[in-house]
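Subject: Structure handover

Hello,

The structure is below for you to look over. My notes follow it.

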Amino acid sequence: MSVAAAVRTAAAGLAWYVKGLMGEDAYEKYQAHHESVHGTDAAVPAMTEREFWRDQTDRQDTNPQGRCC
Amino acid sequence: MGATSSIPQGATEEPDLTQDPALPPVALDPTIHDAEEAHWTPLKIAIWVAIALLGGLSWVMLAVVRGETVNAIWFVFAAICTYLIGYRFYSNYIQKHLLRPDDRRATPAEYKADGKDYAATDRRVLFGHHFAAIAGAGPLVGPVLAAQMGYLPGTIWIIVGVVFAGAVQDYLVLFFSMRRGGRSLGQMARDELGRVGGTAALIATLTIMVIIVAILALVVVNALAESAWGVFSVGMTIPIALFMGCYLRFFRPGKVTEISIIGFVLLIAAIVGGGAIAGTEWGAAMFHIDKLPLAIGIIVYGFVAAILPVWLLLAPRDYLSTFMKIGTIGMLALAIIIVRPEIFVPAVSEFATSGTGPVVSGQLFPFLFVTIACGALSGFHALIASGTTPKLIEKERQTRFIGYGGMLMESFVAIMALVAALSIDRGIYFAMNSSPALTGGTVEGAVTFVNSLGLTGVNLTPEMLTQTAKDVGEASIVSRTGGAPTLSVGLAHIMQQVAGGSGMMAFWYHFAIMFEALFILTAVDAGTRVARFMLQDSLGNFFPKFKDTSWRTGAWLTTGIMVAAWGAVLVMGVTDPLGGINTLFPLFGIANQLLAAIALAVCMAIVAKRGMFKYLWIVAVPLAFAAVVTITASILKIFSSVPSVGYFAQNAAFSKALAAGETSFGTATSVEAMEAVVRNTMVQGILSIIFVTLAVIVIFTALQATWHAWRTHANATNEDLAVPSRIFAPSGLMATRAEKATQAEWDARPSTGKRKAREH
């Protein structure tokens, strides 16, 4: 593996990690879950990206989580 | 939420966990794990011998060799080597004998999967999440205050305490909650300890939450009062967060990393701009705020923030906080390794035995162990470990890496905070951390007071204080109590040696203040919200309307009650003629440790009910220690006849002086101040009594449950029913050879993905 390829792999790994840590991959995970349960069944449409993020923060409104001291 | 089903008490039958034969193995046979561990190659032996030797050498350098100074690098090595050994051997022992995770069982993230709250998350990502959720201002503040007793007691407690107590608690609570579908500590207490123990645990959690929020807010007030620069830059986080919230809501939903980077750049601009603005006349006048108005400002902020929708303020602030936290802690670790500061503080100072230290009163036992709570043993973690994390775990065996390993990381943060605090001049340390009642709040007063302590090697001059204040861009650093400013000076001192030189000290100082204030304010906001829901839930038992959390009036009312509760304690701390933080901080530590005792008591009852008495000591030893420490500390706080230690002794002394018609007494210079002391000590004393009573009830009910289990040879559990798993993932940070082989089988499958959620 060349140096450039190694750097690329490392950068991709870092990007994946930061995305996961910040929770940016939440919608992708939701989509994957939805598809695995309902398939592409049009009767149960998945939330759109915008709907999903709204729903996510709105759920925190009714189910708050503490942060530690 | 909550339990879907549970095995009735007394049921023992083994659930059927036969896996789907069409899938590659979902779990490695335990014998394979055992064989991998028992396989000692010469290289492995050499590595562990090296770790043990380096760790041993570091401890010798810290504890035995008595030179003029000790290098900070030994703290780092002693900590890391001890953590590695504790993780590899002790947590493994707990896993093998006590918890016995079974990867054939699906975790809640799998059998309750909804793609939102319950979602299997990569173990390395979840480790970061969990760490960011547990690590806050606590591990940064406690060690700073405990540094007055010398470096050794704090270091030993942080490192040894975490291995045998703190990390054990986090690991156990996480595991037990995961086995119960992610149930909260309060629910588990009710299941395991019955109505009385459960109710006591709930009330204790609620009051402890109030105290913790109040004292965190006090730390922020102390750090920002009379600092125009700090007030401006921390105040700017509010519009920055609002902007980020709107950006994510309306403009680019889900672009979390992008907006966090934008927010971070704005934060840095706010820090730099704060310096410029504090330098102008109008800026200094406008943002120079005294303690009391600032405290009231924070109370108003706390109320508004807790009723605003999450997306507007809390969520974006959370992103910023995570970003800053991981970044700054990493940066500090690197800087300590590069700079390797020399430490001039004695191993054990005179205050450890005399108990007359000006920072926090009381002798090493038990007060060291309550001053340093977070970092060694923190009860608050039990709320996190039974909150979000158990709902995201992919495989059972990963609880060891995330629960035990995550807490080791926090302990390391505490060690770094200790090193940063120890690296500054000892005279400056005492000038910053002694209350204004002792220093008079002036440079001359501080110099006279600190030099009168008669500490060897300490010779404070007024120039040292004015120069340091000038370096960090503050008008004064005298009596900046609460730990945060001291840590910031230490961090600035270390960072300027890596980047920027002394010209950058003011930036690094305010960067550190910002970093702490940011997550304290998040904790205040989130803590108020959680407390409000707990209160609504409890009130709902009497007035059913309160159960409806979308009822606006009820939500505002309960939020108001919680804010008033912590606000009252905050105002009390701010106006306390005795100094505030030094009288209240022990209450914070005691509260946190009592919560730990409650969590461990619940764990003990669970272990006893499984009939695993042979390994009960794993829980019983830290529980006994936490119970002895906190109950002794509480009793001293209630009954001690030394006024600086006992709340009621102080109360009696001031009451007597008032009755005798005196107009000044001790550090209180007016009748109002004396009355304030009488009032404050009474409140603090009563709080101590409430805490210790509740904790004793919980521990007693746990002992009762344990005794009952012993007598009846119980083998019962409140776990959710076992469901066979259909996914695979390695358990530790690195996949082992056998895990890699199994993972390869999964990766080779032609289906939609390597994992497939269970069909409903």
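In this predicted model, 30 residues of chain A are in contact with 48 residues of chain B. On the chain A side, helices α1, α2 (26–38) and α3 (49–62) each supply at least two of the residues that touch chain B. The most comes from α3(A), which gives 9 residues. By class, the chain A residues that touch chain B are 11 nonpolar, 11 polar and 8 charged.

Helix α1 of chain A (residues 3–22) packs against helix α5 of chain B (residues 123–134), with an angle of about 50° and the axes 9 Å apart. Because of that angle, α1(A) counts as oblique to α5(B). The crossing of α1(A) past α5(B) is right-handed. From α1(A), the contact is made by Y17(A), G20(A) and L21(A); from α5(B), by R124(B), V125(B), G128(B) and H129(B). This contact of α1(A) with α5(B) holds 3 nonpolar, 3 polar and 1 charged residues.

The buried residues of α15(B) are L364(B), P366(B), F367(B), L368(B), F369(B), V370(B) and T371(B). What do they pack against? Their partners are α6 (138–146), α7 (151–179), α14 (351–354), α25 (581–609) and α26 (617–639), also in chain B.

Regards

Technical notes. Residues are numbered from 1 along each chain as its sequence is written. Chains are lettered from A and ligands numbered from 1 in the order in which they are written. This is a predicted model: local features need pLDDT of at least 70, side-chain atom pairs count only at pLDDT 80 or more; totals for chains, interfaces and linings use all residues. Axes are lines fitted to C-alpha atoms, for helices over the stretch in contact, and angles run from 0 to 180 degrees between N-to-C directions. Helices (H or I, at least four residues) and strands (E, at least two) are DSSP runs, numbered from the N terminus. Angles under 35 degrees count as roughly parallel, over 145 as roughly antiparallel, 65 to 115 as roughly perpendicular and the rest as oblique. A crossing is left-handed if the near helix is turned anticlockwise from the far one by less than a right angle, and right-handed if clockwise. Two residues are in contact if their C-beta atoms, placed from the backbone, lie within 7 Å. Ala, Val, Leu, Ile, Met, Phe, Trp, Tyr, Cys and Pro count as nonpolar, Asp, Glu, Lys and Arg as charged, and the others, Gly among them, as polar. A residue is buried if 20 or more other C-beta atoms lie within 10 Å of its own, exposed if 12 or fewer, and partly exposed in between; C-beta atoms are placed from the backbone.
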